[in-house]
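Please look over the sequence and the structure shown below before reading on.

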Amino acid sequence: MDASTPSADDKLMAFAMRTINDIAAGYTGVMVSLGHKLGLYKALAGAGPLSAKEVATRSRCAERYVREWLNAQAASGYLGYHAVSDTYELSPEQAAVLADEDSPVFIPHAWNVPASMWFDEPQALEAFRTGRGVAWGEHHEGMACGVAAFYRNGYKASLVQQWLPALDGVVQQLEAGIEVADIGCGHGHSTLLMAQAFPRSRFSGFDTHAASIAQACRNAEAAGVGDRARFDLARATDYPDRRYGLICFFDVLHDLGDPVAAARHAAQTLAPGGTVLLVEPFANDRVEENLGTVGQLYYAGSTLICCAHAISEGGRMVLGAQAGQARLEEVFRKAGFTHFRRAAETPFNLIFEIRR
Ligand SMILES: C[S@@+](CC[C@H](N)C(=O)[O-])C[C@H]1O[C@@H](n2cnc3c(N)ncnc32)[C@H](O)[C@@H]1O
């Protein structure tokens, strides 16, 4: 055997270490949640090097716990440690990801999702054994909050600035004033961003999850756009026909038990010249093309959340969160749409323009 060829033992250790890295990442998630909820990152952000005592004082937390947390974060590469001065520091990049709630890469909320997945493990075990579905509203409440908050920052960075302008003529229509439907709007962040940007248009968010609709109504009040954004309980297949100039599906089509029926309802309620905006998790068409970090995240979320919900709705077509363009296009072609174009993409999303 060539000296450079890894032995079976080397390969075993390499794989074991890979899984230990993942366990360490799970521990780090708890540290991130504490750092966010206790204001530890905010105490560090923009402050330059600080001692553990200074971080503890600024965050009003107990110094001994804070010191250990700081060392855990330094070991994770989530902040810098200066050995000579025994101080800790967040770089601007680390602050953008960990401390700045308006940053498009702010991550702490995303840890609510795996936390809820662990919490919901008993129902996942039962679902695997029985084949039963698990509806969106059956998950721990952290799931909806985590997903909404995680996606909100991405929408804030891209929706009005990049995704809508990538659709042919849609910004001009929104500026002139059209009816817009946001299907499966969750907490309504996407709806409200559009309502804030286009005061002449009218926005209707629909969702089947009552707690999300209630939260979306509160968010609309807080955003001061209650006059042009409304939220109602409705399914993707029965929301009222208001002759929409734009119908949006943000990260929801693949969750539906019958996506073709939803696309058909969109076709029936779209105004002449109207557009469907479909935003889906980034995915290629073939499994072997999705086997990286994004696929690792989305396939796991899809197993417990997206497929489970689609099955709970009857599961006529369970797309999963890694459906890929070809299968998504097939859904809309079956519903009678003739135009389907990839308008934009990010490492996490595919954005499609669809017309009849
Ligand atoms: C992954 S979340 C996305 C929420 C929101 N669009 C966002 O991007 O933050 C999926 C949403 O679809 C909603 N939903 C699931 N099935 C639905 C259906 N049949 N009709 C309407 N909404 C549905 C869920 O309640 C949930 O709020």
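## Basis of the report

The structure described here is a predicted model.

## The ligand and its surroundings

The ligand is surrounded by 18 residues, of which Y155, G184, D207, H309 and E313 are the closest. Three of these residues bring a polar side-chain atom to the ligand, as the following distances show. For Y155, such an atom lies 2.5 Å from an oxygen atom of the ligand. H309 places a polar side-chain atom 2.8 Å from a nitrogen atom of the ligand, and for E313 the distance to a nitrogen atom of the ligand is 2.7 Å. The ligand taken alone exposes 590 Å², and the protein buries 96% of that area.

## Aromatic residues

Across the whole structure, a search finds 12 aromatic pairs. One of them joins F340 and F352, whose ring centres are 4.8 Å apart and whose planes stand at 35° to each other. An angle under 30 degrees would count as stacked and one over 60 as edge-to-face, so this pair, at 35°, is classed as tilted. F340 belongs to strand β8 (residues 339-345) and F352 to strand β9 (residues 349-355), so the pair ties together parts that lie 12 residues apart in sequence. Both F340 and F352 are buried.

Strand β9 also holds E353. This residue is buried, with a relative accessibility of 2%. The side chain of E353 reaches the backbone nitrogen of D168 at a distance of 2.7 Å.

Elsewhere, F150, Y151, Y155, W163 and F250 form one aromatic cluster.

## Salt bridges

Side chains of opposite charge can pair when their charged atoms come close. In this model, a search of the whole structure finds 18 salt bridges. One of them is formed by E101 and K42, with the closest N and O atoms 2.9 Å apart. This pair links distant parts of the chain: E101 sits in the loop between α5 (92-98) and α6 (112-119), while K42 sits in helix α2 (residues 40-44), and the two are 59 residues apart. Both partners are partly exposed, E101 with a relative accessible area of 28% and K42 at 45% relative accessibility.

A salt bridge also forms between D241 and R243, where the closest N and O atoms are 3.2 Å apart. D241 is partly exposed, with a relative accessible area of 45%, and R243 is partly exposed as well, with a value of 42%. In a further case, R286 pairs with E288, and the closest N and O atoms are separated by 2.8 Å. R286 is partly exposed, at a relative accessible area of 48%.

## Helix α1

Helix α1 covers residues 8-37 and includes R18. The side chain of R18 makes a polar contact of 3.1 Å with the side chain of D22. R18 is partly exposed, with a relative accessible area of 38%. Between R18 and E313, which are 295 residues apart along the chain, the C-alpha atoms are separated by 37 Å. E313 is the residue described above with a polar side-chain atom 2.7 Å from a nitrogen atom of the ligand.

M17 is also found in helix α1. It is partly exposed, with a relative accessible area of 42%. Together with M13 and I20, M17 forms a nonpolar patch on the surface, and the accessible area of these residues together is about 300 Å².

R60 is placed in the loop between α3 (52-59) and α4 (63-76), and it is exposed, at 80% relative accessibility.

D86 likewise has a positive phi, of about 50°, although it is not a glycine. The loop that holds D86 runs between β1 (80-82) and β2 (87-89). At 28% relative accessibility, D86 is partly exposed, whereas R60 counts as exposed.

Key: Residues are numbered from 1 along each chain as its sequence is written. This is a predicted model: local features need pLDDT of at least 70, side-chain atom pairs count only at pLDDT 80 or more; totals for chains, interfaces and linings use all residues. Side-chain values use heavy atoms; hydrogens and water are left out. Rings of Phe, Tyr and Trp (its six-membered ring) pair if their centres lie within 6.5 Å; planes under 30 degrees apart count as stacked, over 60 as edge-to-face and the rest as tilted. Helices (H or I, at least four residues) and strands (E, at least two) are DSSP runs, numbered from the N terminus. Buried means under 20% relative accessible area, exposed over 50%, partly exposed in between (1.4 Å probe, protein chains only). A polar contact is a pair of N or O atoms within 3.5 Å; within protein, one must be able to donate a hydrogen and the other to accept it, and residues adjacent in sequence count only if both atoms are side-chain atoms. Patches are made of residues with over 30% relative accessible area and no salt bridge: like charges are joined within 9 Å, nonpolar side chains (Val, Leu, Ile, Met, Phe, Trp, Tyr) within 5 Å. Accessible areas come from the Shrake-Rupley method with a 1.4 Å probe; for residues, only the protein chains shown count as cover. A salt bridge is a side-chain nitrogen of Lys or Arg within 4 Å of a carboxyl oxygen of Asp or Glu. A residue is near a molecule or strand if one of its heavy atoms lies within 4 Å of it.
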